[in-house]
Amino acid sequence: MLIDFKGGAGLGALEKLPHTSSLVTDLGGHGMDRTLASLRAELHRREAALTAAEVADSSAYRTHSDLLGAGSGHHAMAHLVIVVDEFRVLVDQFPDALAELMRIAAVGRSWVSIWSWPLNGPKER
């Protein structure tokens with residue numbers, strides 16, 4: 001998942017990569033609200049899968065799924081990577097997003113990575 005608060009100028013070129021699920025920009029109106037709701041739902045889905053498999057993390061889930069075999073109904077749990085360009089702008093425009101992303105990173109620490117940076121580096125003054 002790519003979150004770009006420069007209208008897609010920073011991360012837009014990565015949108016067509018095969019494992020990119022979405023590009024959220026500041027131009028999308030309520031896109032961030034929908035994104036946070038989607039991430040909460042994904043977190044809940046993954047927590048339920050771990051609970052049902054009676055395992056603590058994604059590594060144990062993968063091992064459990066491998067032992068059960070392909071016909072078990074358990075599917076591999078991919079890592080979720082969230083890349084944010086202009087994190088400061090994101091937090092300024094959506095203050096609740098910081099707490100939500102930190103919660104997602106904490107609860108999903110075995111399968112979530114959140115990366116943030118200005119892709120151009122710091123601006124000179």
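**Figure 1. Secondary structure of the chain.** The predicted model has 4 helices and 4 strands. Read from the N terminus, the order of the elements is β-β-α-α-β-α-α-β. The chain has 125 residues, and 32% of them are buried. Of the contacts between residues at least 6 apart in sequence, 55% join residues at least 24 apart.

**Figure 2. The largest nonpolar core.** This core holds 26 residues. I3, M32, L39, Y61, I82, L90 and W111 are the residues with the most contacts inside the core. Four elements, α1, β3, α3 and α4, each give two or more residues to the core. The element that gives the most is α1, with 7 residues.

**Figure 3. Contacts of L90.** L90 is among the core residues with the most contacts inside the core. Which residues does L90 touch, leaving aside its neighbours within four places in sequence? L90 is in contact with F5, M32, V84, A97 and L101. One of these, M32, is also listed among the residues with the most contacts inside the core.

**Figure 4. The aromatic pair.** The structure holds 1 aromatic pair. The pair is formed by F5 and F94, whose rings lie 6.0 Å apart, centre to centre. The angle between the ring planes is 70°, and the pair is edge-to-face. F5 is in the loop between β1 (2-4) and β2 (23-25), while F94 is in the loop between α3 and α4 (95-107). The two residues are 89 residues apart, and the pair links distant parts of the chain. Are F5 and F94 buried or exposed? Both F5 and F94 are buried.

**Figure 5. E54, a residue with a positive phi.** Most residues other than glycine have a negative phi. E54 is not a glycine, yet its phi is positive, at about 60°. Where is E54 found? E54 lies in the loop between α1 (31-53) and α2 (58-68). The relative accessible area of E54 is 73%, so this residue counts as exposed, the cut-off being over 50%.

**Figure 6. E86, another residue with a positive phi.** E86 is not a glycine either, and its phi is positive, at about 70°. E86 is in the loop between β3 (80-85) and α3 (87-93). Why does E86 count as partly exposed? E86 counts as partly exposed because its relative accessibility is 22%, and buried would mean under 20%.

Key
Residues are numbered from 1 along each chain as its sequence is written. This is a predicted model: local features need pLDDT of at least 70, side-chain atom pairs count only at pLDDT 80 or more; totals for chains, interfaces and linings use all residues. Side-chain values use heavy atoms; hydrogens and water are left out. Buried means under 20% relative accessible area, exposed over 50%, partly exposed in between (1.4 Å probe, protein chains only). Contact means heavy atoms within 4.5 Å. Rings of Phe, Tyr and Trp (its six-membered ring) pair if their centres lie within 6.5 Å; planes under 30 degrees apart count as stacked, over 60 as edge-to-face and the rest as tilted. A nonpolar core is a set of buried Ala, Val, Leu, Ile, Met, Phe, Trp, Tyr and Cys residues joined through side-chain atoms within 4.5 Å.
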